[in-house]
Amino acid sequence: MVKHQPLQVYEKQVLLSLVTGIYGCRWKRYQRSQDESSKWECAWFTILSSSFLLLLFWAYFWLVAQNDFNDFNWSVYNHSGEWRDETIPILTSTTVGFIYITFLLILALFHISLGQQLNLYWVHKIGVLATLLTIVSGLVSVDDIWGDEWEIILISLQFTAPFLHIGGLVTVTAMSWLVAGYVVRKERNNFQVMVMAIYILVLLALCLAPLTFTCPCIMDRHVLKPPPVIIGRRGAPMLAPENTVMSFTRALQHGASSLEADVTISMDGVPFLMRDHTLRRTTDVSKVFPSREHEDASFFNWTEIHSLNAGHWFLESDPYWTVKSLSAKDRSRIGNLTICSLVEMLRLAARANSSVLLNIRKPAAEHPRFRSWFMDTLWTLQKAGISQKKVTWAPDTDRGRVRGLLQTTNEKLSVEEIRHRGITSLTIHYRKISYKDIQIYLANNVSVTVYPVNEPWLFSILWCSGVTSVSSDAPQVLRKVPYPVWLMSHSAYNFIWISSDLVSIAVVMGIFFFQNYHMIRWRISGMQNYNPEQIMLSAVVRRPSRDVNVMKEKLIFSELNNGLGSTEELSLYPENGHVRYSHGGLSC
């Protein structure tokens, strides 16, 4: 006589329910399946993984591009004509998207590790597509507005490559558990062989990647040169409006040894400090002279220029997110600032015994001072009373007439050309010069000044490279870097590199051996308890069809007809892909 027992006995699986519920909205047990994922769902997993990698690249780009956030906003301003901080919405959306996509990818990997069928919920599919399209459009926009900035990724690898190498090894080593489970637990096929080959190639590439690294900070400590001289680029524009007396004063107070300024010549021959071609961004010209707000700054006379306010824009736009950190007294002073003349800045530098670097914008041909701008500038230098040896001349015009001043160039020239022009230093953007170029210039006694350097990691690279000086918007930040962020000898790094590679390879081999050994033992022990019908059912259990269901029914009734007692139980819902017997009644 057959003892009737419930056919289904559910065990609470909270983790599995959460994983499948959040990922695919399959909260009930009967909704889950250990069948093979469809090709469509595998394609969605590929899209999800691609979105994650693209987001990782995008997030890394903006992480290292913090050095040039102000230049990005300035580029946007030149394209749109309106000044606004575009980095805030970009950083916010990137953070939200990265957290969302990373969470979904982790859930998908849990599905794979638990042997569950992938079935991404349609809402998540829309979210993944929206994130992917947003990132792609962002990449296209950045390439159009700020295409040169992509080079910072390769430059940053000089600093981050050793750490990314370790992180990559840890990630690939952890992935070996999933790869081993996929390869070992299923029958061999060509796709499994391809997955295994790709995994081995990726692991080997990571192990050998340090051979391609160029990291200036991998050097002996006794070879490290003194820190670069810090130049206040337009003063300290994070603490006060750029190119103002207050900005230059703050730069000197925070350790800048030199000052850099952008010089424009007014209609009446007064050199004043202005970066932009117009006065719209950094003054209230739209209120004072509304009909002339788009006019070139050099076509105003000094009386008109000096009447403009040069501080309100800084308090309103907060270009560096620093206004809240300023005292009420500083904010009040900033609100009353005016445009700084060249003679004011030179006198400030002379009192502080500081040197200056002048980037002079030559007036247009129709400008009344087109032929006399050079003499206007030299007269201002004499009026300020600063030593000629403290002034560096950047323009490439009229070099023969300024022999008493130090000469620099913003072009990347050969050593022979530099000597021919009588130039003693090179002032160049960090993207336009390599570590090898720096060593060549220094070996030929050409000092190198690199700009803009606002982040400690970039300052550390240039310090280790032997750069003479750096021009920075953030002298107050670089002042707090008394030593390179990291410095390591070649022998120490080689030890870490080889050790991490060996440990990774050993762990991967151990995981594959464990998975293979465990699966062999499990299969041998399981085969001893199966009758022929169960073995056939196990072989096709991952191929649900009407025939499989018929086989299940036959197996149930054959056991019942043979007198299956209350002490035996047949599980109809296989674990790990196999039907099993247990005790305590018929259940599943």
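In which sense do strand 4 and strand 5 (residues 391-393) pair, and over how many bridges? Here are some friendly notes, with the answer under point 2.

1. Ground rules. This is a predicted model, in which local features need pLDDT of at least 70 and side-chain atom pairs count only at pLDDT 80 or more, while totals for chains, interfaces and linings use all residues. Residues are numbered from 1 along each chain as its sequence is written, and side-chain values use heavy atoms, with hydrogens and water left out.

2. Strand 4 and its partners. Strand 4 and strand 5 pair in the parallel sense over three bridges, with Val 356 opposite Val 391 in strand 5. From strand 4 the chain passes through helix 14 (residues 373-384) to strand 5, a β-α-β crossover that is right-handed (with the strands pointing away from the viewer, the path from the first strand over the helix to the second runs clockwise). Strand 2 (residues 258-265) also pairs with strand 4 in the parallel sense, over six bridges; there Ala 261 stands opposite Leu 358. Pairing requires at least two DSSP bridges between two strands.

3. Cover on strand 4. Of the six residues in strand 4 (residues 355-360), five are buried. Buried means under 20% relative accessible area, exposed over 50%, and partly exposed in between (1.4 Å probe, protein chains only).

4. Helix 2 against helix 6. The axes of helix 2 (residues 39-64) and helix 6 (residues 151-184) come within 10 Å and cross at roughly 105°. That makes the two helices roughly perpendicular (65 to 115 degrees; under 35 is roughly parallel, over 145 roughly antiparallel, the rest oblique). Axes are lines fitted to C-alpha atoms over the stretch in contact, with angles from 0 to 180 degrees between N-to-C directions. From helix 2, Phe 57, Tyr 60, Phe 61 and Val 64 meet residues of helix 6 including Ile 152, Leu 157 and Leu 164. Contact means heavy atoms within 4.5 Å.

5. A loop residue worth a look. Leu 224 lies in the loop between helix 7 (190-208) and strand 1 (229-233), and counts as buried because its relative accessibility is 16%. Among the residues touched by Leu 224 are Trp 463, Tyr 483 and Leu 487. Leu 224 and Leu 487 are 263 residues apart in sequence, yet 9.3 Å apart in space, C-alpha to C-alpha.

6. The whole chain. The chain has 21 helices and eleven strands, taken as DSSP runs numbered from the N terminus (helices H or I, at least four residues; strands E, at least two). Of its 588 residues, 48% count as buried.

How values were computed. Lists of a residue's contacts leave out its neighbours within four places in sequence.
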